[in-house]
Amino acid sequence: MSVNLKELKRRRTFGIISHPDAGKTTLTEKLLLFGGAIQVAGAVKSNKIKRSATSDFMEIERQRGISVATSVMAFDYRNLKINILDTPGHQDFQEDTYRTLTAVDSVIVVIDVAKGVEAQTEKLVNVCRMRNTPIMVFINKLDREGLDGFDLLDELEQKLGLTVRPLSWPIGMGQRFKGVYNLYEQKIILFRPHGKQDEEDVVEITDLSDGRLDELVGTAAADELREEVHMVESVYPKFDREAYLRGELSPVFFGSAINNFGVRELLDCFVEVAPPPLSRPAEEREVKPEEGSFSGFVFKIHANMDPKHRDRIAFMRICSGTFERNTNYLHVRQNRKMKFPNPTSFMAEKKMVVDEAFPGDVIGLYDSGNFKIGDTLTEGEELHFKGIPSFSPEQFRYVNNADPMKYKQLDKGLEQLMDEGVAQLFVKEDNGRKIIGTVGALQFDVIQYRLEHEYGARCTYEGLNLHKACWVTAKDEKALKEFIQRRKRDLARDKHGQLVYLAESAWSLKMAQENHPEIEFHFKSDF
Ligand code: GDP
């Protein structure tokens, strides 16, 4: 029953989001390198960290060719403990990313300078904005030709709805890329391709009319910078930390992650302004991190880390108090006490058992099937953390058992995969057939593969054309009963037994809504 305020205040937990290929992985590795380089100084060691930054999680990603895991990586920097929750880039695993976003306190969005704002970025930033998550933007790949800086800022405002404030500004780009001007600290940082930035490459120029600027980057580039910085200062609002923390103002940085350029500026600003662990809403009340009693929730379950073992790891975000190893906690949904002998933390390249964890931390709990996404642990209070909704899947298929001897295995496998959040399972109200709903086609392959390899069960699929699944409720119980009677064919239950309407088309959904005004249709599960 205590909280360690010193440790709590040291935590910064965030996620990096982007459209695939914008450079999220590269940026993550460079941040880890900075974290390590600061402690161990010296190129050899840095290289080593760089190599081992490819953690187990990334190895899995590489093997499968896509990010199937949300990795957690932590490092120390300037006496802060920084937790990066990496998010799968592949759009078929978007739901994992949404769930991870419930466990962070802020995000960094990576944008490819040549591509600008892409589809995936839009969706993810939307989710962040729903939650007022503070957002920083890193515009990457300045060593290549790309869009004009001001056009990019316009895109960020128009497509993402962000109010932006550049805190660094590029001096040229592509072949002509000379460096960035750090508007926050009024310094020029010169670019040397594939070289590490060192102190000599940083020149303090507080007054842009200084003639040294012309000497450093050439008169044409110097004049262009002067003009553009003048524009920035007159067009964009001053940086205001409070506005950033409210999610209303996003600082923007420019750089090149692969060249480790502009990354330090981003990180230095991040550690200065990013929020420490924030309060989290539970159905019952708001839970503050500095409360004495421990609480936390599961936002991700990862199966089969080690193919030789069937166990899973449930990733838990600590919300309040101190989590202690081998201590009894209440598993709220199951209403029973559990303790954990081997809670695991992730420090960049290595896993280790932890005795204690603090708000903002993410720990891995070995699990043999007790946890579902969204589960809460507390010291005894009945808390249910909010904000891990399910959305309607985009693709649906009937799932059939392909081996009559193995129906138990199939049921068990399906149940566990659904608890992990791999997909959603619906059971038809009229005939009990099972339907799997996913965000992308890829999950169907993953499910089939994993059922066979982890549970010894085989399944086949049968196509099903559905537009959407929506959760339905009604205040009037009689009306709901009638609706169920009349529309049995189009109804199913989700894994919580909630009633779901399966709409064949946008039109049939609209008709159902019009014909049944007494029924409420919900497009996400947390109504
Ligand atoms: P992710 O899919 O967002 O994780 O992207 P990656 O970090 O894997 O990067 C995608 C590709 O872009 C890789 O080939 C990187 O080497 C490359 N890349 C990353 N940062 C830069 C950069 O600053 N400049 C250039 N030219 N390429 C980059």
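This is a predicted model: local features need pLDDT of at least 70, side-chain atom pairs count only at pLDDT 80 or more; totals for chains, interfaces and linings use all residues.
User: Which elements have the lowest and the highest mean pLDDT?

Analyst: Helix H3 (residues 43-52) has the lowest mean pLDDT among the elements of the chain, at 30, whereas strand E5 (residues 135-140) has the highest, at 98. Over residues 37-70 the pLDDT stays under 50.

User: How do you know that the span of helix H13 agrees with its number of residues?

Analyst: Helix H13 (residues 442-455) has 14 residues, which at 1.5 Å a residue should span 20 Å, and because its end C-alpha atoms are 19 Å apart, the two values agree.

User: Why are some residues of H13 said to line one face of the helix?

Analyst: A residue is called buried if 20 or more other C-beta atoms lie within 10 Å of its own, and in H13 this applies to Gln443, Ile447, Leu451 and Tyr455. Seen down the axis of H13, the buried residues fall within an arc of 75 degrees, so they line one face. An α-helix has 3.6 residues a turn, so residues three or four places apart point the same way.

User: What lies on the other side of H13, and what covers its buried residues?

Analyst: On the other side, Asp445, Tyr449 and His453 are exposed, while the cover over the buried residues includes helix H12 (407-419), strand E26 (434-438) and strand E27 (459-464).

How values were computed: Residues are numbered from 1 along each chain as its sequence is written. Helices (H or I, at least four residues) and strands (E, at least two) are DSSP runs, numbered from the N terminus. The expected span of a helix is 1.5 Å times one less than its number of residues. A residue is buried if 20 or more other C-beta atoms lie within 10 Å of its own, exposed if 12 or fewer, and partly exposed in between; C-beta atoms are placed from the backbone. The arc is that of the directions from the helix axis to the C-beta atoms. Two residues are in contact if their C-beta atoms, placed from the backbone, lie within 7 Å. pLDDT is the predictor's confidence in each residue, from 0 to 100.
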